[in-house]
Protein chains: 2
Amino acid sequence: MSTILRQHIEKIVPLTDEEFDRVMSHFKTRKLKKHQFLLQEGDTAHAHFDNFVVSGLLKVYHTSDDGHEHILQFAPEDWWVADYRANYFESSAVVNISCLENSELLTISYANREQLCKEFHKLEHFFRKKATGGFVSQQRRILSLLNNNAKERYEEFLSLYPGLSQRLSKTLIASYLGVSRETLSRLSD
Amino acid sequence: MSTILRQHIEKIVPLTDEEFDRVMSHFKTRKLKKHQFLLQEGDTAHAHFDNFVVSGLLKVYHTSDDGHEHILQFAPEDWWVADYRANYFESSAVVNISCLENSELLTISYANREQLCKEFHKLEHFFRKKATGGFVSQQRRILSLLNNNAKERYEEFLSLYPGLSQRLSKTLIASYLGVSRETLSRLSD
């Protein structure tokens, strides 16, 4: 499992064996089954962690008062997943994170991630690049929500995440795109 | 002008005079009048810069094929503004940035910003924190676009950016919130 994380980090910064051992010493393995929660809204105990997905698929979502699920992110293998708002403000969880498939994660506490960034300039660089990439992709999604109709959003999703759509139900994709299940069915048939 | 930038950076990391001089050596002053462009869609020459707003107010927006303006960000004093996607992918500009008020900026090239991050771990930390804060605030906005009705979006905007709404026309706020001008008028009267 650690090999996959090392390859992932080394796409941005090379690490010596000693450095990587030090990085790994902060991570713990977690295995979750389909439908299990990594985090639930309101939780404080598990809110301040970051998680690298070694295998599987998770969704980050918020449930509105009328019971609708709004999906902020899907997290397949080689992605990071966390409640970044809860980490940033050191607050309780504002989102739910659950598994759409059996998943294996490498988990690090927020405090230890900050410690690694402080200790290793390289890691600070790595996580800055990741945060910037995330910011850029969120901005594209905002623009898509403001600008694009259902058909354009769906086509953009398919082209950005080829391979992911086969692993997701139409209901999940519709919830991510902010369109109704019926609209998506018309588009994808 | 440099004092304001120093205070802004030192909210996150303290700098020695020498360090700050080195930081400042990469910045240039730019003054723009109301309605002037900092950047236009398709531009390559001016796309790879980051800008700290010393005074004034700018908007970052995209114009759709049917002529509608979709606002990604407002940037008042003490904010950073750039085409972060163009910077990240080293591509031509995908957004327009123009001044809603006369504005004074401190401008740094993307290459020099990266150089500062490489040279000073502190600066890498500063920009990681900024990127993470930006990511978190974009995620809140996505959730608001998926989950909230026009009234809730408007109230959230007023509470997040008190003071800014008086400097913006209803048309601009409507475009940022992704609601029609008529809907916003009904809500804000």
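Are Lys129(A) and Glu114(B) buried or exposed? Both residues are buried. The notes below concern salt bridges in this predicted model.

1. Overall count. Taking every chain into account, the model holds 28 salt bridges.

2. Lys129(A) and Glu114(B). These two side chains form a salt bridge, with an N to O distance of 3.1 Å. The contact runs between chains: Lys129(A) belongs to helix 5 of chain A, and Glu114(B) to helix 4 of chain B.

3. Arg128(A) and Glu114(B). Glu114(B) also takes part in a salt bridge with Arg128(A), where the closest N and O atoms are 3.1 Å apart. Arg128(A) sits in helix 5 (residues 121-147) of chain A and Glu114(B) in helix 4 (residues 110-119) of chain B, so this pair joins two chains. Arg128(A) is buried, as is Glu114(B).

4. A network. Salt bridges link Glu114(A), Glu124(A), Arg128(B) and Lys129(B) in a network.

5. Asp78(A) and Lys11(A). A salt bridge connects Asp78(A) to Lys11(A), the closest N and O atoms lying 2.9 Å apart. Asp78(A) is in the loop between strand 5 (69-76) and strand 6 (80-81) of chain A, while Lys11(A) is in the loop between helix 1 (2-10) and helix 2 (17-24) of chain A; the pair therefore ties together parts 67 residues apart in sequence.

6. Exposure of that pair. Asp78(A) has a relative accessible area of 27% and is partly exposed. Lys11(A), at 61%, is exposed.

Key: Residues numbered from 1 in each chain as written. Chains lettered and ligands numbered in written order. Predicted model: local features only at pLDDT ≥ 70, side-chain atom pairs only at ≥ 80, totals over all residues. Heavy atoms only, no water. Salt bridge = Lys/Arg side-chain N within 4 Å of Asp/Glu carboxyl O. Helix = DSSP H or I, 4+ residues; strand = E, 2+ residues; numbered from the N terminus. Buried < 20%, exposed > 50% of the residue type's maximum accessible area, 1.4 Å probe, protein only.
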